[in-house]
Amino acid sequence: MERIYLDHASSSPIDSRVLEYSKPYLADVGNPSSLYEFGQDAKNAIETARKKIAEFINAESEKTIIFTGSATESNNIAIRGVAQRNIKDGKKLLSSAIEHISVINPMKHLQKNGWIFETIPVDKYGVVNIDILNKKISNDTILTSVMYANNEIGTIEPIKQISEIIHKKGKYLHVDATASAGKIPIDVQAEEIDLLTISSNDLYGPKGAGALYIKPGVKIQSVNPGGGQERGLRSGTENVFSIVGMGEAAKIAKKEMKNESKRLQRIRDSLISEIYKIDEAYLTGHPTNRLPHHASFRFSHIEGESILLNMDMYGIQIATGSACSSKTLEPSHVLLAIGLKHEEAHGSMVMTLGHTNKLSQVPKIVKATKETVKRLRQLSPLIK
Ligand code: PMP
């Protein structure tokens with residue numbers, strides 16, 4: 001059975017060119033902190049990767065980039081490091097209501113320890129409510145975190161407009177760009193972003209690496225002290241293989257993103273127009289201002305986990321917003337934030353396209369979706 005992988009937002013397979021490039025650093029590599037030549041080779045390879053990441057997001061220089069182990073770790077270092085370092089200027093933290101749990105949970109952790117944390121609501125498409133952001137931001141707001149685009153519903157946020165508002169009164173803007181990096185261009189200088197998270201495995205790089213951009217002048221302190229690697233902000237021996245691969249993946253993405261995104265957008269639009277024809281099928285997220293590889297839906301009367309398992313029987317891997325990260329049956333906080341009722345939020349299906357997907361796969365995906373929805377509705381106790 002042909003496998004059709006449609007879950008690139010949770011992880012994208014490593015690009016064969018990236019694997020070839022970084023393979024030498026998997027088995028035979030010194031510690032980048034060691035001064036002998038063997039160690040310095042590894043250090044140089046990391047510095048080359050750092051340059052590629054800086055170029056990828058148009059950062060001021062490679063000195064603004066630190067490598068971490070994942071997007072989750074980058075988010076934690078950004079949020080906790082900035083909150084702790086800037087405590088004298090205020091204790092207020094904001095985020096959009098639809099952030100990934102790796103942003104929400106560090107914020108909640110700080111809240112338990114005396115910081116004030118509030119979320120900014122979004123509209124029915126998942127776009128941050130600018131008026132409420134304007135009202136909530138105050139001189140003691142030291143950090144606001146808004147994602148570049150949402151991984152569950154694909155909506156792209158107006159980051160430039162948000163950064164202008166934040167910088168009028170508040171201090172720093174952190175942007176989680178994990179879902180959008182490599183899909184749409186990011187320019188940290190033009191968009192006036194203070195801290196930005198990206199991850200390797202969402203870019204066709206190896207798992208086990210992330211990066212955090214920190215604008216020159218941003219005050220941040222270490223939250224995991226140790227040997228002092230990565231400007232003291234992420235101590236611990238570097239994962240050279242994954243970092244080298246991440247740099248190469250970013251270089252390839254920068255070069256190929258425009259054409260690849262155009263190609264994926266055609267497949268996405270075809271999927272959306274066909275799946276939309278299913279009775280009581282609704283698109284989630286913004287109809288036009290959404291990631292080019294992202295198609296997300298909800299279906300009445302059925303449940304996301306059953307959709308996922310049924311689609312898997314056709315060899316098609318999708319995601320569902322309902323229980324993917326939390327391993328609970330609680331509906332996704334993202335779908336609740338866009339105004340869906342609990343029962344509506346349960347029937348969600350998320351398809352994220354990538355390198356291996358082709359327009360010719362659309363009929364098979366649509367047929368599997370139609371049959372899955374029909375079968376599950378026949379069994380559904382929610383239909384009288
Ligand atoms: N942020 C976003 C927007 C994500 O989609 C994800 C998951 N791919 C993460 C953060 C966390 O990534 P990881 O589990 O690789 O740390």
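Strands β6 (residues 172-176) and β7 run parallel and are joined by three bridges; strands here are DSSP runs of E of at least two residues, numbered from the N terminus. Two strands pair if DSSP finds at least two bridges between them. In this pairing, His174 stands opposite Leu195 in β7. The model is predicted: local features need pLDDT of at least 70, side-chain atom pairs count only at pLDDT 80 or more, and totals for chains, interfaces and linings use all residues. Residues are numbered from 1 along each chain as its sequence is written, and side-chain values use heavy atoms, with hydrogens and water left out.

**The seven-strand sheet**

- Seven strands make up an open sheet with mixed pairing, in the order β2-β8-β7-β6-β5-β3-β4.
- At the edges are β2 and β4 (116-120), each of which pairs on one side only.
- From one strand to the next, the twist averages 20°; axes are lines fitted to C-alpha atoms, and angles run from 0 to 180 degrees between N-to-C directions.
- Strand β5 (residues 141-145) runs parallel to β6 and is joined to it by three bridges.
- Thr144 has Leu173 as its bridge partner in β6.
- Strand β7 (residues 195-199) and β8 run antiparallel, with five bridges between them.
- Ser199 has Gly210 as its bridge partner in β8.
- Strand β2 (residues 65-68) pairs with β8 in the antiparallel sense over four bridges.
- The bridge partner of Ile65 in β8 is Tyr213.

- Buried means under 20% relative accessible area, against over 50% for exposed and values in between for partly exposed (1.4 Å probe, protein chains only).
- Because five of the five residues of β6 are buried, β6 is largely enclosed by the rest of the structure.
- Strand β8 (residues 210-214) also has five of its five residues buried, so β8 is largely enclosed by the rest of the structure.
- On one side of β8 are Gly210, Leu212 and Ile214, and on the other are Ala211 and Tyr213; all are buried, and both faces are covered.

**Ligand site**

- Surrounding the ligand are Ala9, Ser70, Ala71, Thr72, His100, Ser102, Met147, Asn151, Asp176, Thr178, Asn201 and Asp202; a residue counts as near a molecule if one of its heavy atoms lies within 4 Å of it.
- The shell divides into three nonpolar, seven polar and two charged residues. In this scheme Ala, Val, Leu, Ile, Met, Phe, Trp, Tyr, Cys and Pro count as nonpolar, Asp, Glu, Lys and Arg as charged, and the others, Gly among them, as polar.
- Asp176 has a polar side-chain atom 2.6 Å from a nitrogen atom of the ligand.
- A polar backbone atom of Ala71 is 3.4 Å from an oxygen atom of the ligand.
- A polar backbone atom of Ala9 is 3.3 Å from a nitrogen atom of the ligand.
- The ligand taken alone exposes 400 Å², and the protein buries 84% of that; accessible areas come from the Shrake-Rupley method with a 1.4 Å probe, and for residues only the protein chains shown count as cover.

**The three-strand sheet**

- Three strands form an open sheet in the order β9-β10-β12, with antiparallel pairing.
- The edge strands are β9 and β12, each pairing on one side only.
- On average, neighbouring strands of this sheet are turned by 25° against each other, direction ignored.
- Three bridges link β9 and β10, which run antiparallel, and Leu283 stands opposite Phe297 in β10.
- β10 pairs with strand β12 (residues 348-352) in the antiparallel sense over five bridges.
- In that pairing, Arg298 stands opposite Ser348 in β12, and Ala295 has Met351 as its bridge partner in β12.
- β10 is mostly covered, with six of its six residues buried.
- His294, Ser296 and Arg298 point one way from β10, while Ala295, Phe297 and Phe299 point the other way; all are buried.

**Thr284**

- Thr284 lies in the loop between β9 (281-283) and β10 (294-299).
- Is Thr284 buried or exposed? Thr284 is buried, at a relative accessible area of 4%.
- The side chains of Thr284 and Ser296 make a polar contact (2.8 Å). A polar contact is a pair of N or O atoms within 3.5 Å; within protein, one must be able to donate a hydrogen and the other to accept it, and residues adjacent in sequence count only if both atoms are side-chain atoms.
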